[in-house]
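User: I have a model open and want to learn how to read it. Can we go feature by feature?

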Amino acid sequence: MNVVSVAETMRLLGVQARAASRVMARSGAAARNRALRELARLLREQGGALQAANQRDLERAEAAGLAAPLLDRLKLTPQVIETCALGCEQLAAMPDIIGDVVGLKQQPSGIRVGQMRVPIGVFGMIYESRPNVTIEAASLSIKSANAAILRGGSEAIDSNQALAKLVQQALAVAGLPREAVQLVPTIDRAAVGELIAMPDYVDVIIPRGGRGLIERISQDARVPVIKHLDGNCHTYVDDPCDLDLAVHVTDNAKTQKYSPCNATESLLVARGVAPAFLPRIGAVFAAKGVEMRCDAEAAAILAPALGADGAGALLRSVQESDWSEEYLAPIISIKVVAGLDEAIDHINRYGSHHTDAILTTDHRHAQRFLREVDSASCMVNASTRFADGFEYGLGAEIGISTDKFHARGPVGIEGLTSLKWVVLGEGEVRG
C-alpha cells in the first residue's frame, strides 16, 4: 500500500466515522447496551479463535525480539478476555449519561440555562502491544455514543483484526452502524500521520503507548490530544503507619505485575519507620528478584539485613536519573525521606503526575497528601495498581490522562463526552 492509497484509505475511514457518529449520537441507550452485551457474549464464545490469532502475533513478536514487558502486554489470555467481557457488561449496566442536563437554573430574564452532556463525535485511538485496548476503546465508544477509528500496533495486527470483527458483529446485531468502530487495516506508519491530521473527521486523538509514540503524536497532531507520557508512580510509607499493611500494599504495588503504567516504580520511606520497614520489604523484593536502587541511607539499612551476597546482590546505588524512571520491570528506586514534606516535594519534582499513594495511620497526613500531590490519582492505604478504569467502576478506560484538561486520570464515559450550554425559553427576548 503506497502513501497515496494510505491517505485515501484514511480519508474513507474518516468519512464513514463521521457519518456513523451522527447515527450514534441519536441512538437509544437500549441499542448501545445491547451491542455491549452481545460483544461480551461473542468474546466468551470466540475465546479459542481469539487466542489462536493472538498466538500468531506472539510468535512473530518473539522472533522479532520484542522486549519482555511488551510481550507480556501483548498476551490475550483467557483472564484478559474475561475481563474485557466483564467490562462490556459493566458498561451496559451503567446509567446512560448522554443527553443529561445539569445545573439548569432560571435567570432573571426568564430563560433557563444549563449544560447537556453530549458525545465528542469521533476519536482516534493509537496504541501499542495490548490488544485488549481494542475492546476497551470500542466498548467505551459505543456506550458514550461516539465513533472511533482504532490504530493498534503492528505486533498485534492479527489479534486486533479478530477483536474488531467481533465488535462490528455486535454493532450490527444491535442495529447500529458497523462503521461506528473501525480498525485501520494497514500497519503502514503513514496511516498514523494521516489519522492525527484529519480535523474534518476526527475530534480528538488518544495515544496509548511508549513515550516516543506519545511525544510524536503530541507534536504532530492537528487535533486535540488526551495523553500521558510516563507512569512513574510512587508509594510513600509514612511515619506513623501500620507496618504489616505497608509491607503487603507495597509488595502488591510493585510486584503484582511489572509492566502496567500504574505499577509503583519508586518507594519513599519516612526516616522514623525505615529501620523497621525496609528490612521486611527488602526480604520480599529479594525473594522475588526485584533489583533495589537505593540512596545511601536506604542501602545502609538494607545491606546488613539482606547480607553481602545472595539477596544482597540485588542492591544497587541509585542514580539521579532513577528518580524519574518508569522501569516496567522488577526494579525499584528507594529513598529515605525526613517525612511528609520531603515526600510530597520529591513526588511533585520527579513524578509523572500519574498515580501516587501514601500508607499512613495519620489522617492529617493523608489529607495533606491528597491535596498537595499533583497527580491524576492519589491514594491512601491502597496499591497504586488500582489506578484503572475497570477497578474505578468505569467499566473500562480509554487510557489514563496526566493532562489537566479536558480529562484527568482514567478516562471513561465522561471523558469521551463534553458539555454544551442549552437555553430553554418561552419566547423571551433580550431587552
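User: What volume does the largest pocket have?

Analyst: Rolling a probe the size of a water molecule over the atoms shows where empty space is left. In this predicted model, the largest pocket has a volume of about 1300 Å³. A pocket here is an open set of points on a 1 Å grid over the protein atoms alone, where a 1.4 Å probe fits, with protein on both sides within 12 Å along at least five of seven lines. Its volume is the space filled by probe spheres set on the points, which are joined across faces, edges and corners.

User: Which lining residues are the closest to the centre of the largest pocket?

Analyst: They are R130, K257, P260, R385 and D388, out of 49 lining residues. A lining residue has an atom within 4 Å of a point.

User: Which helix gives the largest share of that lining?

Analyst: Helix α5 does, with six residues. α4 (68-74), α5 (78-93) and α6 (132-143) each supply at least two. Helices (H or I, at least four residues) and strands (E, at least two) are DSSP runs, numbered from the N terminus.

User: Where do the numbers come from?

Analyst: Residues count from 1 along each chain as its sequence is written, and side-chain values use heavy atoms, without hydrogens and water. The model is predicted, so local features need pLDDT of at least 70 and side-chain atom pairs pLDDT 80 or more, while totals for chains, interfaces and linings use all residues.

User: In what order do the strands of the open sheet run?

Analyst: Strands of a sheet pair through backbone hydrogen bonds, either parallel or antiparallel. Here seven strands line up as β10-β9-β11-β8-β7-β12-β13, with parallel pairing. The edge strands, β10 (315-317) and β13, each pair on one side only. Two strands pair if DSSP finds at least two bridges between them.

User: Which strands pair with β12?

Analyst: Strand β7 (residues 233-237) pairs with β12 over four bridges, and T235 stands opposite A357. Strand β13 (residues 377-380) also pairs with β12 over four bridges. There, T355 stands opposite S377.

User: Is β12 buried or exposed?

Analyst: Buried means under 20% relative accessible area, exposed over 50%, partly exposed in between (1.4 Å probe, protein chains only). Five of the five residues of β12 (residues 355-359) are buried, so this strand is largely enclosed by the rest of the structure. T355, A357 and L359 cover one side, D356 and I358 the other.
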